[in-house]
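Good morning, and thank you for coming.

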Amino acid sequence: MADEYGRKWDRCLADTALKTVTGLGVGIVFSVLLFKRRTWPVSLGSGFGLGMGYANCQHDFRSPYLIHGHMVKVNQIQYTVLCRPA
């Protein structure tokens with residue numbers, strides 16, 4: 001259980017950092033190109049990124065039974081198990 005919380009925190013912090021930096025970059029581009037080097041597009045973009053990361057973290061921690069899986073390719077024959085009604 002603690003391992004899963006650790007993975008969720010790592011994923012949460014990485015996602016929030018990525019979204020914040022992306023929003024900051026988009027804000028800088030819009031500030032330079034469209035808004036005559038004003039600071040509010042930079043603040044707005046980084047705020048949007050931070051808010052999106054926070055919302056994703058909230059969703060991730062509030063759904064305790066959601067476990068993120070990884071796709072594993074197996075080079076063997078795959079079997080299908082069928083359940084018969086009783």
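Predicted model: local features only at pLDDT ≥ 70, side-chain atom pairs only at ≥ 80, totals over all residues.

How far apart do the end C-alpha atoms of residues 16–35 lie, and how much of the span is helix and how much is strand? The end C-alpha atoms lie 26 Å apart, and the span is 90% helix and 0% strand. Helices and strands here are DSSP runs, numbered from the N terminus, with at least four residues of H or I for a helix and at least two of E for a strand. At residues 16–35, UniProt places the feature "transmembrane region", in an unreviewed entry. UniProt positions are given in the numbering used here, feature names are shortened, and annotations may be inferred rather than shown by experiment.

Residues are numbered from 1 along each chain as its sequence is written, and side-chain values use heavy atoms, with hydrogens and water left out.

Let us turn to the chain as a whole. Its secondary structure comes to two helices and zero strands. Of its 86 residues, 19% count as buried; buried means under 20% relative accessible area, exposed means over 50%, and partly exposed lies in between, with a 1.4 Å probe and protein chains only. Among contacts with a separation of 6 or more, 62% come from residues 24 or more positions apart, where contact means heavy atoms within 4.5 Å.

Next, the salt bridges. A salt bridge is a side-chain nitrogen of Lys or Arg within 4 Å of a carboxyl oxygen of Asp or Glu. The count by this rule is three.

In one of them, Asp3 pairs with Arg7, with the closest N and O atoms 3.9 Å apart. Because these two residues are four apart in helix 1 (residues 2–33), about one helical turn separates Asp3 and Arg7. Asp3 is exposed at 57% relative accessible area, and Arg7 is partly exposed at 43%.

Asp15 and Lys19 also form a salt bridge, at 3.1 Å from N to O. Asp15 and Lys19 too are four residues apart in helix 1, and so about one helical turn apart. Lys19 is partly exposed, at 22%.

Which parts of the chain does the pair Asp60 and Arg11 tie together? The side chains of Asp60 and Arg11 meet in a salt bridge at 3.5 Å, N to O. Asp60 lies in helix 2 (residues 40–62) and Arg11 in helix 1, so the pair ties together parts that are 49 residues apart in sequence. Asp60 counts as buried, at 9% relative accessibility, whereas Arg11 is partly exposed, at 31%.

Ser46 is also in helix 2. Its side chain reaches the backbone oxygen of Ser43 at 3.2 Å. Leaving aside neighbours within four places in sequence, Ser46 is in contact with Thr20, Gly23 and Leu24.

Leu24 brings me to the surface, where Leu24 belongs to a nonpolar patch that also includes Val29, Phe35 and Trp40. Such a patch joins nonpolar side chains (Val, Leu, Ile, Met, Phe, Trp, Tyr) within 5 Å, using residues with over 30% relative accessible area and no salt bridge; like charges would be joined within 9 Å. Together, the residues of this patch have about 1,100 Å² of accessible area, by the Shrake-Rupley method with a 1.4 Å probe; for residues, only the protein chains shown count as cover. Helix 1 gives the most to the patch, with seven residues. Val29 lies in helix 1 and is partly exposed, at 44%.

Thank you for your attention.

Terms used:
Polar contact = N/O pair within 3.5 Å; in protein donor to acceptor, adjacent residues only side chain to side chain.
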